[in-house]
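Please view the sequence and the structure together before reading on.

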Amino acid sequence: MSDEYTAQHADEEHATDDEAAIQGRPYEISAARRGGLFGELVRDKLGFASALFLTLLALAALFAPLLAPDDPNRGNLSRSMASPVWNGGSWSNPMGADWQGYDVLSRLLYGARTSLFIGLLVVALAGTFGIIVGVISGYKGGRVDRWLMGWVDVQVSFPGLLLAMLLVALVGGTVWTVAIILAVNGWMVYARMTRGVVLSVRERPFVEAAEMVGSSPLRVITKHVLPNLVTPLATLAVLEFARIILAEAALSFLGLGIQYPGVTWGLDIARAGDHELFGNQWLIIYPGLLLSLTVLAVNLLSSWLRVMLDPQEREKRYAASVTDKAGGM
Amino acid sequence: MGRYIGRRLIQGLVVIFGVTVFVFVVTRLIGDPVKFMLPLSATPEQREARRDAMGLNDPLVQQFGRFLRDLVQGDLGESSYVRGTPALEVVFDYLPRTLQLVAVGMLLAIVLSIPLGVIASRKPGGTTDRVLTTLSLIGLSMPQFFLGYVLMIAFTVRLRWFETGPGGFMNLVLPSICLALPAVGRLAVVVRSAMIDELNSQYVKVAKAKGLTRRRILGVHALRNAGIPYVTLLGWEVIRAIAGYTVVVESVFNWPGLGFMASTAVKNQDFYLIQAIVFVVAVMVVLINIAVDIAYKLLDPRVKLS
C-alpha cells in the first residue's frame with residue numbers, strides 16, 4: 001500500500017537494497033545505521049553492563065562465605081520474617097529473614113555460588129565430551145561418523161528434562177550429581193558443531209598440507225583443526241551456560257534438583273512460592289529476579305561476544321559508525 | 001515420500017526403544033521399585049518377598065524380555081502411586097489436560113508471534129523492532145516458573161481475575177500464557193528475520209513492480225516462504241512443551257496434567273508410571289517430528305525429503 005511508504009522511506013529502502021547487494025545482509029547494516037552511533041554505544045553498553053554484573057556476581061559467589069551475614073542453612077524462628085534494613089530491620093539480616101528465619105541475603109549469595117558453579121562445571125564436562133565425540137566423528141568419517149551421529153540424533157530426541165528428573169530422583173541431588181546429569185543430557189550440541197567445523201576445515205588446503213608433510217593426526221587436530229573451533233565454541237558455551245543455569249533452576253524448583261543442604265535459587269523460589277504466595281512475595285521475587293538478570297546478562301554477553309569475535313561483523317559495525325558520522329545522521 | 005516416512009518411522013522406533021531401554025535399565029539397576037510400595041514399617045524380609053513375587057530378582061535380560069512381551073500387549077504394569085490402576089490408563093487420564101494446555105498455549109503463541117514479527121520486520125532497527133527484540137530477550141531469560149509466579153502474584157493474588165489449580169477453561173488462562181510467552185519471543189524473532197529476508201528478495205521486488213498490493217505480497221508470497229523456518233521452530237516448541245515445559249508450568253499452577261503427574265511419579269518413585277509416561281511422551285515426540293517434516297515438504301516443494 002502506497003500510503004505506508006513515505007518518499008524518504010522509499011529512498012532508504014533503495015539504499016539498503018544497494019548495500020544488500022554488496023554485503024548480503026542488509027538488515028544488520030540498516031539497523032546499525034538507523035540506531036546510529038548511539039545505538040552502537042547502547043549495544044556495547046549493554047554488553048559492558050552485563051560483563052560488569054556477572055563479574056560482581058561471580059565475586060559475590062566466590063566470597064560468599066566472607067560476605068554472607070550468616071550460615072544460609074541456619075534457621076532461627078525468633079527472627080522469622082524479620083524486616084530488611086530499609087524497612088527498619090537490623091544489619092544482622094540486611095535483607096531480612098524468611099518464615100523459617102533463614103537469612104535472605106545469605107541464601108541469595110550461596111544460591112549464586114551454586115548456579116554459577118553448576119553452569120561452569122556442566123559447560124566444561126559436556127563441552128569436553130562433545131568436542132571429543134565431534135572431532136572423532138568428523139575426522140574419522142565413514143562408519144564411526146554414522147554411528148556417533150546416530151547416537152546424537154537419538155539422544156537429541158529424548159525427553160531430556162523427564163530423564164534428568166528421574167536420574168536425580170534415583171541418585172540424589174547434590175551439586176555434582178546434578179551437574180553430571182545435565183552434562184549427560186547436553187553434550188550433543190557441542191558434538192554436532194565440532195563435527196561440522198572439522199568437516200569443513202579438513203578439506204581446506206592448510207590441513208591437507210599439514211597431512212602431506214607428515215604431521216600426525218593428533219598434531220593436525222590440535223594445531224590446525226581445533227583453533228578454528230574457538231570462536232563458534234565460545235559463543236555456544238556462553239549460550240549453553242545460560243541454558244544450564246535455567247535447567248538447574250527448573251530441576252531444583254521441581255524438588256528434583258539440588259536438595260537440602262544445598263542452597264539454590266530454584267529451590268528458594270519453590271519454597272517461597274509454596275509458603276508466601278499470599279504473604280511476603282518479595283521472597284519469591286528476589287531469587288527470581290536475580291536468576292532472570294543473571295541469564296539475561298549471559299545472553300547479552302553472548303551476542304556482544306559474537307560480534308567481537310567475528311572480524312567481519314566488527315568491520316561492518318565500524319564502517320556503519322563511520323558512514324553515520326560522515327552523513328551526520 | 002512414502003519411503004521417506006517409512007524410514008523416519010523406523011528411526012522413531014529406535015528413539016522410542018532407546019528411551020524405553022534407558023528408563024528400564026536405570027530404574028532396575030539404580031532404583032528399587034518396591035521402596036515406596038510397602039509401608040515404611042515393612043521388614044527387609046517382606047520387601048525381599050515382594051521383589052521375588054514381582055520377578056525383580058530375576059536376571060535383567062529375563063525381566064526385559066517379560067517387559068517387552070507385556071509392552072507389545074499394551075501392558076506397562078500397574079502404577080504404585082495411583083494404586084491398582086494400569087500405568088497407561090493413568091497416563092491417558094492425565095494426558096488430555098496437558099494437550100489442552102499445549103494446544104491453547106501454542107495457539108496463543110502463533111496468534112501473537114506472527115503479527116509481532118511482521119510488524120517488527122517492516123522497520124528493522126525501528127522502535128517497535130527494538131521493543132520486540134528486547135521483550136523476546138527478556139522472555140528467553142526469565143525462567144518459566146518465575147514467570148508463572150509473577151503472573152499468579154499479579155492476576156490471582158492481587159487482581160483476583162483468575163483462579164489457578166484444577167478447573168475449567170478460566171483456570172487454563174494463566175498456565176497457557178505462561179507456556180506461550182517465552183515461545184512468542186522465540187517465534188516472533190524467526191518471523192521477523194525470515195520476513196526481512198523475503199522482503200528483500202527478487203521475487204518480492206517483481207511482485208511490487210507488477211503492482212501487487214502490499215497485503216497480497218505479504219500475505220500470499222512472503223509469509224508463506226517465511227513459514228518454513230517458522231514451522232520447524234513451532235514443531236520444536238510443541239515438542240519442548242510436551243516433553244519438558246509443561247512439567248514446570250503445571251507444577252507452578254497445580255494444573256493436573258501429565259507433566260504434573262510426571263513429577264509426582266518421579267518423587268514417589270513410581271517406576272511403572274514413569275516408564276509409561278516416558279514411553280507415551282517419546283511416541284508423541286517422534287510423531288510430531290515426522291509431522292513437521294511433512295509440513296515442511298508441503299510448504300516448500302523444493303525440499304527433498306531424504
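The sections below move from the overall make-up of the chains to individual residues.

## Overall composition

The structure is a predicted model. Chain A contains 14 helices and 0 strands, and chain B contains 11 helices and 0 strands. Read along the sequence, chain A therefore follows the pattern α-α-α-α-α-α-α-α-α-α-α-α-α-α, while chain B follows α-α-α-α-α-α-α-α-α-α-α.

Chain A has 329 residues, of which 38% count as buried. In chain B, buried residues make up 38% of the 306 residues. The C-alpha trace of chain B spans about 85 × 55 × 30 Å along its principal axes. Among contacts with a separation of 6 or more, residues 24 or more positions apart account for 69% in chain A and for 72% in chain B.

## The contact between the chains

On the side of chain B, 45 residues are in contact with 42 residues of chain A. Several helices of chain B each supply at least two residues of the side that touches chain A: H1 (2–29), H5, H6 (144–158), H9 (214–253), H10 (258–267) and H11 (271–299). By class, this side of chain B has 30 nonpolar, 12 polar and 3 charged residues.

## The nonpolar core

The largest nonpolar core has 148 residues, and A:Met165 and B:Ile277 touch the most other members. Leaving aside residues up to four places away in sequence, B:Ile277 touches B:Val91, B:Leu258, B:Met261, B:Ala262 and B:Ala265.

## A helix pair in chain A

Two packed helices are described by the angle between their axes and the distance between the axes. In chain A, the axes of helix H5 (residues 142–156) and H8(A) come within 10 Å and cross at roughly 140 degrees. This angle makes H5(A) oblique to H8(A), because an angle must be over 145 degrees to count as roughly antiparallel. H5(A) passes H8(A) in a left-handed crossing.

At this contact, A:Val152, A:Gln155 and A:Val156 in H5(A) meet A:Met188, A:Ala191 and A:Arg192 in H8(A). The contact of H5(A) with H8(A) has 4 nonpolar, 1 polar and 1 charged residues.

## A helix pair in chain B

In chain B, helix H4 (residues 87–122) packs with helix H5 (residues 127–141) at an angle of about 135 degrees, and their axes are 7 Å apart. H4(B) is therefore oblique to H5(B). The crossing of H4(B) and H5(B) is left-handed.

The residues B:Leu116, B:Ile119 and B:Ala120 in H4(B) meet B:Thr128, B:Asp129 and B:Leu132 in H5(B). The residues of this contact divide into 4 nonpolar, 1 polar and 1 charged.

## Backbone features in the loops

Most residues other than glycine have a negative phi, and most peptide bonds are trans. A cis peptide bond joins A:Tyr260 and A:Pro261, with omega about 5 degrees. A:Pro261 is placed in the loop between helix H11 (230–253) and helix H12 (265–276) of chain A.

In chain B, B:Arg160 is not a glycine, yet has a positive phi of about 55 degrees. B:Arg160 lies in the loop between H6 and helix H7 (170–199) of chain B, and counts as exposed because 8 other C-beta atoms lie within 10 Å. B:Asn254, also not a glycine, has a positive phi of about 55 degrees. The loop between H9 and H10 of chain B holds B:Asn254, which is partly exposed because 13 other C-beta atoms lie within 10 Å.

## Two further residues

A:Arg204 is placed in the loop between helix H8 (188–202) and helix H9 (205–212) of chain A. With 12 C-beta neighbours inside 10 Å, A:Arg204 counts as exposed. The C-alpha atoms of A:Arg204 and A:Leu54 are separated by 38 Å, and these residues are 150 residues apart along the chain.

B:Thr264 is found in helix H10 of chain B. This residue, B:Thr264, is partly exposed, since 16 other C-beta atoms lie within 10 Å. B:Thr264 and B:Ile274 are 10 residues apart along the chain, and their C-alpha atoms are separated by 9.5 Å.

Notes
Residues are numbered from 1 along each chain as its sequence is written. Chains are lettered from A and ligands numbered from 1 in the order in which they are written. This is a predicted model: local features need pLDDT of at least 70, side-chain atom pairs count only at pLDDT 80 or more; totals for chains, interfaces and linings use all residues. Axes are lines fitted to C-alpha atoms, for helices over the stretch in contact, and angles run from 0 to 180 degrees between N-to-C directions. Helices (H or I, at least four residues) and strands (E, at least two) are DSSP runs, numbered from the N terminus. Angles under 35 degrees count as roughly parallel, over 145 as roughly antiparallel, 65 to 115 as roughly perpendicular and the rest as oblique. A crossing is left-handed if the near helix is turned anticlockwise from the far one by less than a right angle, and right-handed if clockwise. Two residues are in contact if their C-beta atoms, placed from the backbone, lie within 7 Å. Ala, Val, Leu, Ile, Met, Phe, Trp, Tyr, Cys and Pro count as nonpolar, Asp, Glu, Lys and Arg as charged, and the others, Gly among them, as polar. A residue is buried if 20 or more other C-beta atoms lie within 10 Å of its own, exposed if 12 or fewer, and partly exposed in between; C-beta atoms are placed from the backbone. A nonpolar core is a set of buried Ala, Val, Leu, Ile, Met, Phe, Trp, Tyr and Cys residues joined through C-beta atoms within 7 Å.
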